[in-house]
Amino acid sequence: MGIKLAFSRPTADAEEQKLLFREFHKEGYDGLQLKSGQYAAFLEEPARFTAEWGELPGIASALIAGGRLEEADIEQLRKVFSFAAHAGTELIVYCHGIGRAEVTEADIRRYADVLSELGNEAQQQYGVKLSLHHHHNNPVMYREDFDIFFDRAREGSVGLTVDTAHLVKSGITDIAEVIRSFGHVIDNFHMKDFEQGEWRVLGQGAIDFGPVFGAIREIGYSGWISADEESGGGVMEGMKTCYSYLRNGLKS
């Protein structure tokens, strides 16, 4: 599989979501990475989702989910696994919603065990992969947290979604080093710009993406790269700008 481009963006209402769903292919993207609010209404009725949108390849190429990994959260995540199997989803992108100050290194290792089990379950029972999305103020936040988590995680069980802006917001400025160090587990990218505490459209913030694109080429990455557009701008403007930026960066 070569690199495939996706788009991800929160939507304010049903009309904005329809616009996103109807236009992403026309703008050149291979898939969407859906925020939880964009598929939650269909979670118990996957057939209704596929009836409405299933004719669009890649409509749910990845599903973004989250929680604290408590019992109720895990049961909810299993519902996402089941929905994903019906929707043709490849990746579940998991955001672990616990503040970094609340956890110890031992906790991070324990979370790696739990997510490894869930990742194996997702693959073996539902045919989908689980990918950890590190976040600012989540358990895997600082550079050393990545080593702790992935030294413990079982091989092949859980991947890594690299989010460029969340790395910088967390104080990790050498994004390329993270990519080179964890290329063996990276299965997704969320490309997002950042400046003065705010998410920006790709190419309109302070992140230097030259080394980022270089590291992606260096590791021979083959998989999903998603523009994660959370700047608050218009749907179409974000789609067009991000697609052009990604295409130009990846071919340079």
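Ala, Val, Leu, Ile, Met, Phe, Trp, Tyr, Cys and Pro count as nonpolar, Asp, Glu, Lys and Arg count as charged, and the others, Gly among them, count as polar. The model on display is a predicted one.

**First stop: the cavity**

The structure holds one cavity of 30 Å³ or more. The space in the largest cavity comes to about 50 Å³. Which classes of residue face it? The lining of the largest cavity has six nonpolar and four polar residues, and no charged residues.

**Second stop: the pocket**

Now select Glu155, Gly156, Val158, His184 and Val185. Of the 13 residues that line the largest pocket, these lie nearest its centre. Strand E6 (158–163) and strand E7 (186–191) are the elements that give two or more residues to the lining of this pocket. The volume of the largest pocket is about 230 Å³. By class, its lining has five nonpolar, four polar and four charged residues.

The axes of H3 and H4 come within 10 Å, and the two cross at roughly 30 degrees. Why are H3 and H4 described as roughly parallel to each other? Angles under 35 degrees count as roughly parallel, and H3 and H4 therefore receive that description. The crossing in which H3 passes H4 is right-handed. To see the contact, show the side chains of Ile74, Leu77, Arg78, Phe81, Ser82 and Ala85 on H3, together with Val114, Leu118, Glu121, Ala122 and Tyr126 on H4. The residues of this contact comprise eight nonpolar, one polar and two charged.

Select helix H1 (residues 14–23) together with H9. Their axes come within 10 Å and cross at roughly 30 degrees, which makes H1 roughly parallel to H9. H1 also passes H9 in a right-handed crossing. Where do these helices meet? Glu16, Leu19, Leu20 and Glu23 of H1 meet Val235, Met236 and Met239 of H9. In this contact, five residues are nonpolar, none is polar and two are charged.

**Last stop: helices H8 and H9**

Keep H9 (residues 235–251) in view and select helix H8 (residues 210–218). H8 and H9 pack at an angle of about 60 degrees, and their axes lie 9 Å apart. Are they parallel or oblique? H8 and H9 are oblique to each other, because of the angle between them. The crossing of H8 and H9 is right-handed. Display Phe213, Ile216 and Arg217 on H8, then Tyr245, Leu246, Gly249 and Leu250 on H9, for these residues make the contact. By class, the contact of H8 with H9 has five nonpolar residues, one polar residue and one charged residue.

Note on methods
Residues numbered from 1 in each chain as written. Predicted model: local features only at pLDDT ≥ 70, side-chain atom pairs only at ≥ 80, totals over all residues. Heavy atoms only, no water. Axes fitted to C-alpha atoms, helices over the stretch in contact; angles between N-to-C directions. Helix = DSSP H or I, 4+ residues; strand = E, 2+ residues; numbered from the N terminus. Parallel < 35°, antiparallel > 145°, perpendicular 65-115°, else oblique. Left-handed = near helix turned anticlockwise from the far one by under 90°. Contact = heavy atoms within 4.5 Å. 1 Å grid on protein atoms, 1.4 Å probe; cavity = no way out; pocket = protein on both sides within 12 Å on 5 of 7 lines; lining within 4 Å. Points joined across faces, edges and corners; volume = space filled by probe spheres on them.
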